[in-house]
Amino acid sequence: MFLRLLFESFRRQKRRKSVALLAIALGMSIATAMIAVGAGIGDKINAELRATGANLLVTPVEDTLEVNLGGVDLKPAHEGAYIAESDLPNIKGIFWGHNVLGFAPFLTGQVILKMGDQPLSVELIGTYFAQPLRYGKESFSTGVRSVNRWWKVEGEWPPDYPGWPQGSPPEILVGSKIAAEQGIRAGDVIEGNGRKLRVSGLLNTGGAEDRAIVAPLHIAQAMLDEPNRVRRVVVSALTKPEDAFARRDPSSLSPADRDRWYCSPYANSIAFQIHEVLANTRVEQIRQVEQNQGKVLERVSGMMLLLTLAALLAAALAVSAAMAATILERRHEVGLMKSLGATNAAVATLFLTEAGLMAVAGAWIGFVAGSALARYIGQSVFGSAIVVQPVILAVVISAAMLVTFAGSAGAVQKAISFDPARVLRGDQ
Amino acid sequence: MNRAGLLMRLLLKASWVRKDRALTALVSVAVVATVATVATTLYADLENKLSHEFRRFGANVVITAGGDNDLTAYQINKIRSLVGTRGTVVPVAYAILTGPNNTKVVVGGTDLNGLRELNSWWSLRPVGESGGPALLGVRAAEKFSPTGSPFTVSFGGKPAEVRPGAIFLSGSEDDSRIYIDQAALTALTGVRPNTALVRIEGRPAQIQHTIAQLSAAFRAFQVEPVRQITQAQAVVVGKTRSVVVACSAVVVVLIMLSMIATFTSSVLERRKDFAVMKALGASNRAVNLLFAAEAALLALAGAMAGFVAGSTIAYWIGKANFDAAILPEPALILPVLAGSVLLALLASTAPLRMLQQIQPAGILRGE
């Protein structure tokens with residue numbers, strides 16, 4: 001009997017039911033889309049920020065201090081320690097290796113450029129552009145092209161040579177400021193430390209590199225006679241904003257806490273892990289970048305959370321109002337049922353079951369539509385889809401049940417409180 | 001009773017007799033107006049609020065005189081006037097001095113409080129009983145004064161004592177440097193400020209504009225934006241604004257659909273009223289007017305409530321997340337009210353036209 005009532009109610013009141021269902025589905029697609037975007041925005045913006053540059057700096061432990069002014073290394077060439085280039089692929093092998101998006105090594109030194117008759121002393125920077133590397137079975141390529149995306153080249157990027165090329169001279173980049181001063185153009189062949197170099201492009205970074213020449217690392221190593229050596233490495237890694245726990249000294253933690261610290265992608269723990277695989281180095285977070293970006297990320301995520309809450313509240317109100325309206329319209333039905341002997345409990349059960357069924361159906365429709373919207377927003381703003389976690393479906397179904405019941409309960413109570421005789425007569 | 005009086009009475013009675021239904025319609029309009037107000041208010045102020053967060057990033061432009069040149073007091077003032085009152089300019093004199101054990105070290109002479117304020121992300125650890133003012137980078141401290149005791153540096157054979165006040169960690173080349181008071185450095189070495197650390201505040205476009213002005217004003221100097229910082233700001237501000245716009249558009253459109261559905265269904269529910277009016281001789285025009293006026297009145301009241309609620313929520317989001325209120329936009333009132341009324345009219349008149357096709361007698365019979 002109950003099932004039949006339920007079934008008939010859906011069959012006969014298609015229009016009313018579809019309005020209520022539409023309201024629930026719309027509300028729940030808002031919930032799905034906003035929760036998915038709100039939960040995903042932190043990761044997305046974090047990834048965008050990582051594309052603007054590195055956040056960790058690896059330098060060798062050494063006796064002397066860096067003597068660096070205006071981006072120019074003034075330390076005598078024979079001083080200072082080095083990191084072995086052959087160890088660098090190990091950076092990908094750390095526990096959080098997948099969070100390491102890329103790294104770029106640097107070796108610097110002075111070279112004499114021969115320009116016509118006038119010799120000119122300039123800084124030579126050797127680095128990876130997009131060097132293919134292997135760690136274990138994993139192949140990847142890394143270098144300034146992915147780490148320092150703001151480096152712009154007018155012309156061609158040079159290839160990363162495995163060694164000094166036979167035959168034609170190796171290709172290098174010349175900083176845009178020296179190029180302008182010396183009248184160097186892409187395609188020119190210049191002479192550095194007595195070796196011929198071909199300028200493949202002009203580099204514009206807005207920084208000290210604009211007054212230097214930038215060569216593939218192995219070419220710079222050969223010119224400076226420093227094989228397998230790099231002076232510093234910058235690493236770009238996805239990190240979690242720092243909290244009080246992240247700042248603890250790992251040596252002072254209990255074994256369980258230490259594991260938790262080690263297995264969280266904090267900048268400090270990733271720095272610690274890189275230090276473990278690169279002997280005699282110090283690894284620091286570039287605090288200007290890391291500390292502040294963490295704070296900005298918190299603000300953005302916080303704002304999205306609040307906006308999501310506001311949207312959820314709005315959706316809940318809209319769904320509740322729609323549910324209340326559909327039930328109040330049915331007071332005649334309630335009057336009829338009651339006058340035929342239905343108890344209040346029976347009427348309430350019927351109405352709430354209907355509401356529950358619609359909530360589940362609406363939540364499913366809303367979830368599918370909301371997921372599509374979230375993907376679309378991710379695709380259009382960040383160029384990559386926002387993945388909707390399946391757990392959101394559970395959240396959305398519970399939320400739909402909650403708001404439809406909240407909206408229905410008051411209306412059902414009101415509907416059964418009326419005197420059936422007066423309702424049927426049309427007085428109420 | 002004149003026509004206007006009758007209309008008024010019908011309108012008020014209709015809302016009063018059907019309180020629940022009127023309330024439902026009111027809530028649905030109010031929700032739309034609230035969401036639209038929150039989204040627009042937030043969007044309008046977001047660029048300012050987020051850009052303000054980037055003040056913590058410290059210098060976003062470094063100006064260097066280059067070679068052995070100095071920045072004169074006049075030039076520093078010129079930079080200050082271009083950057084404006086909200087930005088910060090910290091001139092630094094850099095010189096290479098000799099520390100204990102004949103180690104070369106870069107020493108910066110500057111306004112130490114200004115530098116600390118600019119580089120708020122430095123992790124500072126006060127040291128030493130000497131109570132001196134000098135700031136030591138961690139690597140310089142390890143080398144010269146691990147406990148913060150005073151030590152001597154010299155320039156061209158002329159010695160001077162450095163009394164450390166704090167050791168800082170920055171994760172940059174500053175960790176190998178020492179910062180002392182500018183007057184002390186100039187007295188020792190004769191070097192005057194040759195670098196200015198500049199923080200320009202404002203939206204990404206304003207920052208770019210100021211950088212262009214600085215480059216044009218100081219052609220002989222190197223005006224170098226810290227690209228990682230300026231780019232990060234542009235990315236975060238731009239992407240966040242896009243997300244807010246996209247999400248708000250989705251929410252507003254969906255909530256609107258929901259409101260239209262509610263409104264339409266509540267008009268359809270009143271087919272009997274409609275039929276009775278027609279049966280009593282009301283013209284189509286009179287009935288349309290009545291229904292439209294009712295919808296407009298409800299929408300107006302709902303939109304007012306929604307505007308107030310939306311402005312409050314936006315204010316609260318600003319307070320809770322950015323520690324600075326987001327103030328209501330009075331210019332929004334008109335569009336929100338007009339939009340809500342228009343939507344309500346659309347939602348309620350479409351079904352009326354449908355009803356006009358049916359004979360009143362049919363409706364009253366229950367067709």
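## Strands, loops and helices

User: Which residue in β8(A) does Leu133(A) stand opposite?
Analyst: Strand β7 (residues 131-135) of chain A pairs with strand β8 (residues 138-142) in the antiparallel sense over 5 bridges; two strands pair if DSSP finds at least two bridges between them. Helices (H or I, at least four residues) and strands (E, at least two) are DSSP runs, numbered from the N terminus. Within this pairing, the residue of β8(A) opposite Leu133(A) is Phe140(A).

User: Before we go on, what pLDDT do local features need here?
Analyst: Residues are numbered from 1 along each chain as its sequence is written, chains are lettered from A and ligands numbered from 1 in the order in which they are written, and side-chain values use heavy atoms, with hydrogens and water left out. This is a predicted model, in which side-chain atom pairs count only at pLDDT 80 or more, totals for chains, interfaces and linings use all residues, and local features need pLDDT of at least 70.

User: Back to that hairpin: which residue takes a positive phi near 60° between β7(A) and β8(A)?
Analyst: The hairpin of β7(A) and β8(A) has 2 residues between the strands. The one with a positive phi near 60° is Gly136(A).

User: How many residues of strand β2 of chain B are buried?
Analyst: Buried means under 20% relative accessible area, exposed means over 50% and partly exposed lies in between (1.4 Å probe, protein chains only). Strand β2(B) covers residues 88-98 and is mostly covered. Of its 11 residues, the number buried is 9.

User: How many bridges join β2(B) to strand β3 of chain B?
Analyst: On one pairing, β2(B) meets strand β10 (residues 195-199) of chain B in the antiparallel sense over 5 bridges, with Val92(B) opposite Thr195(B). β2(B) also runs antiparallel to β3(B) (residues 104-110), and there Ala93(B) stands opposite Gly109(B). The number of bridges between β2(B) and β3(B) is 7.

User: Is Asn280(A) buried or exposed?
Analyst: Asn280(A) lies in the loop between α7 (267-277) and β16 (281-285) of chain A. It is not a glycine, yet its phi is positive, at about 55°. Because its relative accessibility is 61%, Asn280(A) counts as exposed.

User: What is the relative accessibility of Asn193(A)?
Analyst: Asn193(A) sits in the loop between β11 (189-192) and β12 (195-204) of chain A. Asn193(A) counts as partly exposed because its relative accessibility is 34%.

User: Which backbone oxygen does the side chain of Ser371(A) reach?
Analyst: Ser371(A) lies in helix α10 (residues 344-382) of chain A and counts as buried because its relative accessibility is 11%. Contact means heavy atoms within 4.5 Å, and leaving aside neighbours within four places in sequence, Ser371(A) is in contact with Thr32(A) and Val388(A). At 2.6 Å, its side chain reaches the backbone oxygen of Phe367(A).

User: How far apart are the C-alpha atoms of Glu294(B) and Ala22(B)?
Analyst: Glu294(B) is found in helix α10 (residues 284-322) of chain B and is buried, with a relative accessible area of 9%. Not counting residues up to four places away in sequence, Glu294(B) touches Leu11(B), Ala14(B) and Arg270(B). Glu294(B) and Ala22(B) are 272 residues apart along the chain, and the separation of their C-alpha atoms is 9.4 Å.

User: What is the relative direction of α8(A) and α2(B), parallel or antiparallel?
Analyst: The axes of helix α8 (residues 287-328) of chain A and helix α2 (residues 19-53) of chain B come within 9 Å and cross at roughly 170°. Axes are lines fitted to C-alpha atoms, for helices over the stretch in contact, and angles run from 0 to 180 degrees between N-to-C directions. Angles under 35 degrees count as roughly parallel, over 145 as roughly antiparallel, 65 to 115 as roughly perpendicular and the rest as oblique. So α8(A) and α2(B) are roughly antiparallel.

User: How many residues of the contact of α8(A) with α2(B) are nonpolar?
Analyst: The contact includes Met303(A) and Leu317(A) of α8(A), and Val31(B) and Leu42(B) of α2(B). Ala, Val, Leu, Ile, Met, Phe, Trp, Tyr, Cys and Pro count as nonpolar, Asp, Glu, Lys and Arg as charged, and the others, Gly among them, as polar. There are 3 charged residues and 1 polar, while the nonpolar count is 18.

Key:
Polar contact = N/O pair within 3.5 Å; in protein donor to acceptor, adjacent residues only side chain to side chain.
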